[in-house]
Amino acid sequence: MKNKPSKHSDPRAEALFKGCLDDPYAYLGLHQESGSHVVRVYQPHASAVWLETAQGRAALQQTHANGLFEWHGSIAPPHPYRLLKMEDGNEQLLHDCYAFS
C-alpha cells in the first residue's frame, strides 16, 4: 500500500526531480534535522520503502508522488543502512548509495 504524499513542496525536491539539485548528498541520505535523524531516499518506481533499524524494519513515508520517501527517528540507523523497496510487486533489499557519504 502506498503512503499518501504530503501536499507541501520542497524546493530541493523540485530541483532533484528536474535534475538540477546542486548537491544531492546534502539532501538525500542520512542527516540530522531539528534534533532528529532523517533518512531521505529517491525511489521513483517504488510503491513502498522500508529502512532496516536495530528494532527491525521501519516504513518510510512517501513525501512526494515522484518517489521521495523519508524516515525520522531519534536513533540513527546502522551505517551503512539498508533499504527494502517494493517495486512492481517485487521486494528488493539494497544499500542506498547516499548512505556512504
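The buried residues of helix H1 pack against strand E2, strand E5 (61-64) and strand E6. Those buried residues of H1 are Ala-13, Ala-15, Leu-16 and Phe-17. Here buried means under 20% relative accessible area, exposed over 50%, and partly exposed in between, with a 1.4 Å probe and protein chains only. Helices (H or I, at least four residues) and strands (E, at least two) are DSSP runs, numbered from the N terminus, and contact means heavy atoms within 4.5 Å. This is a predicted model, in which local features need pLDDT of at least 70 and side-chain atom pairs count only at pLDDT 80 or more, while totals for chains, interfaces and linings use all residues. Residues are numbered from 1 along each chain as its sequence is written, and side-chain values use heavy atoms, with hydrogens and water left out.

Now look at the two ends of the helix. At the start of H1, a side-chain oxygen of Asp-10 comes to within 2.8 Å of the backbone nitrogen of Arg-12. That is a polar contact, meaning a pair of N or O atoms within 3.5 Å; within protein, one must be able to donate a hydrogen and the other to accept it, and residues adjacent in sequence count only if both atoms are side-chain atoms. After H1 comes Gly-19, with a positive phi near 75°.

Phe-17 also takes part in one of the two aromatic pairs that the structure holds. Its partner is Tyr-42, in a tilted arrangement with 5.6 Å centre to centre and 45° between the planes. For the record, rings of Phe, Tyr and Trp (its six-membered ring) pair if their centres lie within 6.5 Å; planes under 30 degrees apart count as stacked, over 60 as edge-to-face and the rest as tilted. The pair ties together distant parts of the chain, since Phe-17 sits in H1 (residues 11-18) and Tyr-42 in E2, 25 residues apart. Tyr-42 counts as partly exposed because its relative accessibility is 30%.

On to the sheet. Four strands make an open sheet in the order E1-E2-E6-E5, with antiparallel pairing; two strands pair if DSSP finds at least two bridges between them. Strand E1 (29-33) and E5 stand at the edges with a single partner strand each, so one side of each has no neighbour in the sheet. Neighbouring strands of this sheet are turned by 35° against each other on average, direction ignored. The axes behind that angle are lines fitted to C-alpha atoms, for helices over the stretch in contact, and angles run from 0 to 180 degrees between N-to-C directions.

E2 and E6 pair in the antiparallel sense over six bridges, and Val-39 stands opposite Trp-71 in E6. Gly-73 counts as buried because its relative accessible area is 13%. Its C-alpha atom is 6.6 Å from that of Val-38, 35 residues apart along the chain. Leaving out residues up to four places away in sequence, Gly-73 touches Ser-36 and His-37.

What holds the middle? The largest nonpolar core has 13 residues, and Val-41, Val-49, Leu-51, Leu-60 and Leu-83 touch the most other members. Such a core is a set of buried Ala, Val, Leu, Ile, Met, Phe, Trp, Tyr and Cys residues joined through side-chain atoms within 4.5 Å. The elements that give two or more residues to this core are E2 (36-42), E3 (48-53) and E6 (68-73). Apart from it lies another core, of nine residues, including Ala-13, Ala-15, Tyr-27 and Leu-28.

Thr-53 lies in strand E3 and counts as buried because its relative accessibility is 16%. The Thr-53 side chain reaches the backbone oxygen of Gly-56 at 2.6 Å.

Strand E7 (residues 82-87) and strand E8 (residues 90-95) run antiparallel, joined by six bridges. They form a hairpin with two residues between them, and Asp-88 in the turn has a positive phi of about 55°. Most residues other than glycine have a negative phi, and most peptide bonds are trans. Ser-34 has a positive phi as well, about 50°, and the peptide bond from His-79 to Pro-80 is cis, with omega near -10°.
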